[in-house]
Amino acid sequence: MAFVLTALAVMCVVLPAPAVNLEDINAVRRSGTPDRVAIEAPPASISADEVATFSAIIYDAVNNPVDGEVSWSSSNGSITDDGVFFPWSSGSVEIIAEHNGLRASYNLTVTPGVAIEVEITSLVLGVLESNVLLADIKDGRGNLLEDASGLVWDIDGDYIGHGSPVWVPEETGNRTLRVRLNQLQDEATVTVRAGQPHAFVFEEHLQVRAGSWTSLVPRLVDINGYEMPLNEAGPIAWYAENGTFNAAGAYLAINTGEWTVSATAGNITGSTVLQVIPGDAVASELMFAETSDAYRAGESYELVFERRDANGYIGFVSPSIASLSASSGGLSVDEEYRVFWNPSTVGMATLSGTDGTVVSSITVNVEHGRAVDLSIRTTPSHPSAGDQVVIELEAEDVKGNRWVVEGDLNMTMGDETKVTSEEAYTLVQATNVQSWRFDGSWFDNTSGVMFVADGAFDVRPGRLAFITLDGEGSQVPADGELDLNPSFFDAYGNELDDIALNWSIDGEDITLEMLLNGGRWVATSMGGHELRVNADGVFATVRLTVVAGQAHALQTDVGAEGLVVRAGQPQDLFIQVVDINGNVGPSSSVETDLNTSLGVLEASPTGIGYWQFTGKLVGTYDLVLNEAGAEHMLPLTVEAGPPVRLQASMSRQGLSEGDVVLLNAFGTDEYGNTLTIPRANTSVSCTAGEVGFVTNGTWEVDIANGGTDRSCTVRWNGLLAQTFFDVDEVLLGGAVGSTNTAMAMAAVLLALLLGVLLVLARKAAESEAEAWVDDEFDEDEDDDGLVVAVSQPTGSDDDTLLLERHGLTDASLKELAQAAAEVGVMQATPSTVQGQTGWYVDVSEELQYWEVTPEGEWIHHKEGYSSSSDS
C-alpha cells in the first residue's frame, strides 16, 4: 500500500495535466500498451536465512502504470507467483520479472545465514609439517561461512588455537581432533602420516652369500625419516657395482667382497654397501685380521674367520660375537658389526670360535699395556701410629695392570726425621697422627712420556690407651643432665674416634641408660656420686655432686585470697621454684604476661626470690607468673591508691532560685583511678544555699541565692575542689520554684476556669439534643435512598436497638474495633458488605456511615454512633 501511494505521488509530480481524477488515471492504466517491466525497490542483499518479497510495475511507453500479470523466476532459490523469494545458495542471484515477453532482472546478493553446523575438513596431516587446521562452517542452506575466527581447536583434549591454527605433529598415528564454535561442535579422528617420499634406506651391514639370489627391500621414508609404503615410490631401477639384478629386484652375488648397490625411482634414490661372503663353511680358521708382534692389554684386535664353502668361494667373514669366547679380556662389536678382542689381564689367553660346524682357536701371550698413569703405593694402605710404611712408584695401563717402576720420590708434607730412602722405595716410621704427602716422577722409555704423581695418606691413631671424662667435681641440677664427653687416646697421645663404653655409677651398671641417652647422664638423687667407664681394659672415673634442679613449678607466700595491692604502692611477694623432684629454691627470673598498663612486676631490693608488684589500674585480674616454663596463677586485686586530686560538678546547668540540685565530687589517684569521697573528714560549702549529705560523693544543694559566680567548695584528705556556676533570679523569690514553674501554675488556673465554662455550655446543649432524638430518630431516606441514623447516649434502650438493627452487640462492636486496629482498615458491620456503601466501625468503636461511589471514592456522612456517647 505504501508503494502504491508513493507511485501515485510520483505520477502527480511528473504529469503536467491539471486536476485528473482517479477514474481517469485508471482508464489510462487500463488502456495503455505495456512497454517495459521494472522491479520496484529491491533489497541490496539478504541472508540465506531470510525471505524477500519483490514487486514489479508494468509501464507503457509514456511511463504510465499498466495492469497485467507478472511472472517471477530466479537463477537460484525459489520465488512464488507473488514475488516471495526463498534463497538457497549464497552469492549473486538473478531475480527475473516477465510480462508478455517484457523482462526485468535484478542481481541480489545472498549472504550465508547463521551457522548451524561445523565440520572438520583437515582429516589427513603430515608429520613434522605445518598443517593448517580447517573446518567448514555451514548455515541452514549448506552455505559456507568465511569467518573462521571464532573456531576453537583442541587435539586429544589439549588446546591448539583459534581460527585456523597451524599444528606440527611430532609423530605419526591417529589423533582425536575437536573444533567448537559457540554451541556447535565437531569431532573427528585425523591421521598423521609421513610426508612426501624422499629417499630409500637400506639395512646397514647387509651380508649376502656368493652365488645366490637375495631380495633387497629398502624402506621408503620422507625427509624426516618417517616410513611409508614402498609402492608410493613407483617403479624402482637397480644398480650393482658387482653382480646383477633381475626385474623383481633380486641380487645375484658373483664375487666375494664389499660392493655398492643403489635404487632409484624418479628423484628418489638410496644406496648401500653389501658384503658378499662365501656360503656355509667346509673349512674355517679363526685369526686376527692383522697380525701383531705383541698383544698388549688395552688394545683392540679384530677377529675374522677365513672361510671356504663347497663352491670354492674363499673370503674373510666377521663372526658373530656369540660364536666366540675368550679366556681373558672381552669381546666387542663396532658399528659395522666387526668383532674385536680386548685383552686385559697379563698372561696367556686363548680365543675359540665356531663357524657353522667348524671349530678353531688361537693362543697368545698378553703383556701389560702402555702406561697411562703413575701412582704412589703405600703399604699398609691405611697405616696406624706405630706402623712402618713402605712407599713405591707404580705404573698402570688402561686395563688396570700395575707394575713397580724406579723413579724419584720426594716428601712434601710430613716429618723428615722419620723418613728413610732406599733405591726402589722409601720407608716412613709413623708415630703421630698426621698427614703425609710425596711427589714422584718416572720417564717411560717405551712411549717417551714423563709421568708424575703425588700421593698422600693419613696416619690413624693406634690402639686405645687412655680415657678422659669431663665434669670432675661439677655440680649437676637434680633434674638436669651432664655430658661427660669421653675422649680416647692411644699410647702416642693421638685422639681416637668414639668407642663404645661400659658405664657404672656408685658400682651400679648404667650402660643401657647411657646408650639410650646419647652418653648424657641424667641426675636423679642429690648428693655426691662416682661415675666409672671402661673399654678394651682401660678405665676412667669422675666424681660429682647433684644439687637442686630447674623450675618445674612455682610457689609464693600469697594466701588463697590472692594478692591485694593499692595502685602506685609497690608490694613484695616471695616466689620460689620447685624442681621435678620437689626441691625448692628462690626464683631468679620471673616474668608475667600482664599488660604493663595494669601493673608492673620487678625484682625487689629486699633480696633474691623477692619480687615487687606495683598496681596501676583498679580491677580484678589473673597474675600469671612464669619462670623457665613453670607457671603459677595468683588472683590479683588492684585497689585505688592515695588521692592526688579532687573533682566536683553540679548535676545540671541552668540553675534558678528555688531549684534543688546535686553536687557530685570524687577523687583520683596518680593513675586516674576514681575514689569515692566519704562523709567523714569531708567539708562542703556553697555560696548559693544550704548543703545536705545524700551519699558518699553526693550532696544536695538548695538554691536560694541568685547571682553570678556562685561556687561550691569540697575539702577532703588535704585536697580541695571548687566548681563555679550562675543562678537565675525568679518570680516570687522562688517561693513556687522557677519562673517557668510560676507561669505554668498560672496557665493551669486559667485552663481550669475555661473548662468549667465549657461543661456548663455542654449541659445545656445535651438537654436540647434529647428532645430532638425522641422525635427524629426514625429512619429517613434521603434523596439517594440512604438510611442515616444519629448517635444516642450510651446505655439507653435506643442504643441497643441501633446496634441490633446493624447486627451488632457491645461485644461485637469492640471485636470489630480491635480488628480494625490490627489490620488498619475500618471493619464493615454484619449488615454491610466490606468495601461497599454502608456502616463501618473504626478503632475508636465509632459507628460511621460511608458512601462508596462508582468511581471508588469514599464519602463520609458525619452522622453516626459512638459507644462513648460522643455525638
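**Strand pairing, burial and a disulfide in a predicted chain**

Ten bridges connect strand β45 (residues 435-444) with β46 in the antiparallel sense. Arg-437 faces Ala-456 of β46 across this pairing.

The model is a predicted one, in which local features need pLDDT of at least 70 and side-chain atom pairs count only at pLDDT 80 or more, whereas totals for chains, interfaces and linings use all residues. Residues are numbered from 1 along each chain as its sequence is written, and side-chain values use heavy atoms, with hydrogens and water left out.

The chain has a mean pLDDT of 82, and 89% of its residues reach 70 or more; pLDDT is the predictor's confidence in each residue, on a scale from 0 to 100. Over residues 1-30 the pLDDT is below 50, and this stretch makes eleven contacts in the model beyond near neighbours in sequence, a contact being heavy atoms within 4.5 Å. The pLDDT is also below 50 over residues 771-796, a stretch with 45 contacts beyond near neighbours in sequence. Where pLDDT is low, the predicted coordinates should not be read in detail.

In total, the chain contains six helices and 78 strands. Of its 871 residues, 37% are buried, where buried means under 20% relative accessible area, exposed over 50%, and partly exposed in between (1.4 Å probe, protein chains only). Among contacts with a separation of 6 or more, 52% involve residues 24 or more positions apart.

The pairing of β34 with strand β37 (residues 347-355) is antiparallel and spans three bridges. Within it, Ser-325 has Ser-352 of β37 as its bridge partner.

Strand β63 (residues 610-615) pairs in the antiparallel sense with strand β59 (residues 571-578) over four bridges. Strand β62 (residues 599-603) also runs antiparallel to β63, to which five bridges join it. On β63, Phe-613 is the bridge partner of Gln-571, and Gln-612 is that of Glu-602. A hairpin is formed by β62 and β63 with six residues between them, and in its turn Gly-607 has a positive phi of about 155°.

One disulfide is counted in the model, by the criterion of a pair of cysteine sulfur atoms within 2.5 Å. The bond links Cys-686 to Cys-712, with an S to S distance of 1.9 Å. The link of Cys-686 and Cys-712 is right-handed, with 115° about the S-S bond. Cys-686 belongs to strand β70 (residues 682-686) and Cys-712 to strand β73 (residues 707-716), so the pair ties together parts that are 26 residues apart in sequence. Cys-686 and Cys-712 are both buried.

His-99 is part of strand β9 (residues 91-99) and counts as buried because its relative accessibility is 7%. The side chains of His-99 and Asn-100 are joined by a polar contact of 3.2 Å; such a contact is a pair of N or O atoms within 3.5 Å, where within protein one must be able to donate a hydrogen and the other to accept it, and residues adjacent in sequence count only if both atoms are side-chain atoms. Apart from neighbours within four places in sequence, His-99 contacts Pro-34, Val-37, Ile-58, Gly-68 and Glu-69.

Thr-637 is located in strand β65 (residues 630-639) and, at 24% relative accessibility, counts as partly exposed. Residues up to four places away in sequence being excluded, Thr-637 touches Leu-563, Val-564, Val-565, Gly-619 and Thr-620. Thr-637 and Gly-619 lie 18 residues apart in sequence, with a C-alpha to C-alpha distance of 5.9 Å.

Methods. Pairing = 2+ DSSP bridges. Helix = DSSP H or I, 4+ residues; strand = E, 2+ residues; numbered from the N terminus.
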